[in-house]
Amino acid sequence: MSKSKNIEQVTLSDSGLHGQYKTWFLDYASYVILERAVPAIEDGLKPVQRRILHAMKEMDDGRFNKVANIIGQAMQYHPHGDASIGDALVNMGQKDLLIETQGNWGDVRTGDDAAAARYIEARLSKFALEVAFNAKTTEWQLSYDGRKNEPVTLPMKFPLLLAQGADGIAVGLSTKILPHNFCELIESAIRHLRGKKFELNPDFLTGGMIDVKEYNQGKRGGKVKVRAHIEEVDKKTLAIKSVPYSVTTTQLIDSIVKANDQGKIKIKKVTDNTAAEVEIQVDLAPGISPDITIDALYKFTDCEISISPNACVIVAQKPQFLSVQELLKLSVDKTKDLLEQELTIKLSELQEKWHYTSLEKIFFEEKIYKELEKKHETWDKVLEAIDKAFIPFKKQLRRAITKEDIIKLTEKPVRRIYRLDIDELNNQIKGLEAEIKQVKHDLNNLVDFAVAYYENLLKKYGKGRERKTEIKQFEIIEARNVAIANTKLYVNREEGFIGTSLKKDELLFECSDLDDIIVFARRGIMKIVKVQDKSFIGKDILHVAVFQKNDERTTYNMIYTDGKGGMSYAKRFNVTGVTRDKEYDLTKGDERSKVHYLSVNLNGEAEIVKIVLSPNSSAHKKEFDFAFEELAIKGRSSIGNQLTKYPVKSVRFKEAGKATLAGKKLWFDDKFGRLSPEEKGIYLGMFDAEDKLLVIYNDGNYEITDQELTQKIDTEKVLLIEKFNPEKIISAVYLDKKNLQFNVKRFKIETTTLKSKFFFIKEGEGNYLEAVSTEEEPVLAVQTGRGEQVRKAKFKIVKVADVMGWRSVGNKLVDYSKSVVMEWVKSKSGEQPELFE
């Protein structure tokens, strides 16, 4: 019996303990979600932030207060210690919206901490005082210890949550709302009030660039990419001019050093020159392309990061996941409701004031105050007499006269009443009636009133809060295209191995550890492998190279003998897409097959080779020439064309051939500033391997460059980009700001240095290139003046300026004015230029 009782007691105890744990955890989770981590939809604040603002409002006298004092005041409402209050206060101060700061408050860009609370000061900003506080519309509750009243939520008349953003990790959920632009939020609020569509995108105080293609309105599952601004100072130096949101300069430099140590980029030195503005100088190693390094910095360092938003807020005491559009709409609707409450309260106060002022006027104007001089038995009789005296005038009033109204009248000091006093009361009543009329009009036109409210906010506080983060679409950077060659690859041809650890064998080349390597062996086997310490391919390796996927131009010319039938074949083929580590047999498949000749031709060249047959063969002709141009380019699995049935002794190169492929088509992708073989952007033409490009910029520079696809061209500055022809004459019109005139010049490109800019207009502050053409006989239409003063003319440039050197100043074309408009037109035969008088 006693044993069974003990068992029963243990079971009951375990059940009670389990229930307690279950309740405690749910209580704790609910507390963290509602009271610590997630902001409320009504005012966009977490409890600690709300209590700080309430404490600062209590202390507000227009002067700065020590942060230590503010923390102490806030501790009356927040039960979690000074550290959490101090951190939250500094965080809000750094966002430069609700709190005006004084002293060293740290820097979110560098990660520097704020000074100690006893050294820094703060006060509520004028903006906060206008949008966040109104005791008459605030719902109150007791503080945690019951000694004080604190707001349940502040009557926030602004989408603060979207302006400041929010981060929080609770139990089982988290929230991440990105900050948005102050002016854009107000403009979107106005659009919503007017029933129009709007779009919201994040904006960060740290600046930089952002790709919002996958933002998904800030909901779960979306993401944004954020980049730093990187400028090319010269061919050896880069300057990072901003940091991505949530990344500090220290973190950014550490990530650059790490990428350099891992061999993903090659730099000589990185220096933090940040002061008032962010500037991180990156000195490149000799021979390293700045364009490729910029791409590599975005790919391998914190110069580009991805942020996943997750907009979770407390709505009706429950967490909800909403989009930023929904958050703004709820905020605007809440603001409109608060404005309506304020107008209703104001109307009630004005009506009450009108009632009492009218009573006061009647009281003195009709000499009712003289009832106070009469002798009555009791004070109540006096009040009754006054009330009775008001009976003839009650129709003039808008509500009944109460006893409290009469008492208030009797408390006014009785003195001699002048006509001026009555006139003043009449003026007050007229003013009150005008105000009441306006308030009623605003209540009846609440949307217009709300729009005017937002427009006033924008006018008062919008200056200096323009967008800081540039919105643009980022191109996808392939890691292997920007990875630096950081690994040496070796080969043991006889044994059939390649790898990075075969340091006693033949050195092939340097490559990146992200590259794929294509290898051909004498047996006729082809294989694509990753860069590894050691990989077996097949004995007697013929060719090893970095594999370029989807390369349709590189052509392989091959002659092999089939091991089974003894027939020799010749074939030409491309290798575009393959499966890594899979063996591909390029012959008919017999193990005794043998490759006699293999060449790699980047532009489909077709050489001539000499075939030497075995001396013991029965062929009458033991040597003959073969031209690969007789063969069509096919797939790698093709058998090839029969070459000879006799045994082949050797195949030797005899004569180089011409490219059998047409030139490649190139486009200029003006969205990303890249050359592209795909049909994106402006078509530039058909290019052979030796062709170059001419780029002319609006700052007066020209540049001759090659067809390298990784180079980046500044699209905002490009006036002309085309295939370079050294025989073409450049016609250029530029502004000579000092002499207030437009000059025209014609010249040929005389320089040959690639990827170097040459300044070809007159040097001077404010000078820029207005128009440029490479047409043979370009005609320029020029319009000046406005309205009735418009004057138009056409100039045949060949008759205005002779061909001179590229450094020449040129001739005057027209005087400068802000209204000048220039446009190239097709010249008509026999047309003469019209000149200004």
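Me: On a 1 Å grid over the protein atoms alone, a cavity is a set of points where a 1.4 Å probe fits but cannot get out, and a lining residue has an atom within 4 Å of a point. Which residues line the largest cavity here?

Reply: This is a predicted model, in which local features need pLDDT of at least 70 and side-chain atom pairs count only at pLDDT 80 or more, while totals for chains, interfaces and linings use all residues. Residues are numbered from 1 along each chain as its sequence is written, and side-chain values use heavy atoms, with hydrogens and water left out. The lining of the largest cavity consists of Ile 41, Glu 42, Asp 43, Gly 44, Met 156, Phe 158, Pro 159, Leu 160, Leu 161, Leu 162, Leu 327 and Ser 331.

Me: How much space lies in the largest cavity, and how many cavities of 30 Å³ or more does the structure hold?

Reply: The largest cavity has about 90 Å³ of space, where a volume is the space filled by probe spheres set on the grid points, joined across faces, edges and corners. The structure holds three cavities of 30 Å³ or more.

Me: Which helices each supply at least two residues of that lining?

Reply: They are α6 (160–164) and α10 (324–365), helices here being DSSP runs of H or I with at least four residues, and strands runs of E with at least two, numbered from the N terminus. With three residues, α6 gives the most to the lining of the largest cavity.

Me: How do you know what classes that lining has?

Reply: Ala, Val, Leu, Ile, Met, Phe, Trp, Tyr, Cys and Pro count as nonpolar, Asp, Glu, Lys and Arg as charged, and the others, Gly among them, as polar. By class, the lining of the largest cavity has eight nonpolar, two polar and two charged residues.

Me: What makes a pocket a pocket, and which residues lie nearest the centre of the largest one?

Reply: A pocket is an open set of points with protein on both sides within 12 Å along at least five of seven lines. The largest pocket here has about 2,200 Å³ of space and is lined by 50 residues, with Asn 481, Gln 548, Lys 549, Pro 677 and Leu 709 nearest its centre. By class, its lining has 21 nonpolar, eleven polar and 18 charged residues. Elements that each supply at least two lining residues include α15 (479–482), β20 (506–511), β34 (664–669) and β35 (674–676). The largest share, four residues, comes from β34.

Me: Why are α11 and α12 called roughly perpendicular?

Reply: The axes of α11 (379–389) and α12 (403–410) come within 10 Å and cross at roughly 100°. Axes are lines fitted to C-alpha atoms, for helices over the stretch in contact, and angles run from 0 to 180 degrees between N-to-C directions. Angles under 35 degrees count as roughly parallel, over 145 as roughly antiparallel, 65 to 115 as roughly perpendicular and the rest as oblique. Therefore α11 and α12 are roughly perpendicular to each other. In contact (heavy atoms within 4.5 Å) are Trp 379, Asp 380, Leu 383, Ile 386 and Asp 387 of α11 with Lys 403, Ile 406, Ile 407 and Thr 410 of α12. These residues divide into five nonpolar, one polar and three charged.

Me: Why do α7 and α10 get the label roughly perpendicular?

Reply: The axes of α7 (182–193) and α10 come within 10 Å and cross at roughly 75°. The two helices are therefore roughly perpendicular to each other. From α7, Leu 185, Ser 188, Ala 189, His 192 and Leu 193 meet Leu 328, Lys 329, Val 332, Asp 333 and Lys 336 of α10. By class, the contact has five nonpolar, two polar and three charged residues.

Me: How do you know that β29 and β33 pair, and how many bridges join them?

Reply: Two strands pair if DSSP finds at least two bridges between them. Six bridges join β29 (608–613) to β33, and the strands run antiparallel. Ile 608 has Glu 655 as its bridge partner in β33, and Leu 613 has Val 648. Five bridges join β29 to β30, again antiparallel, and the partner of Lys 610 in β30 is Asp 625.

Me: Why is one side of β30 and of β33 left without a neighbour in the sheet?

Reply: The three strands form an open antiparallel sheet in the order β30-β29-β33. Because β30 (623–627) and β33 (648–655) stand at the edges, each with a single partner strand, one side of each has no neighbour in the sheet.
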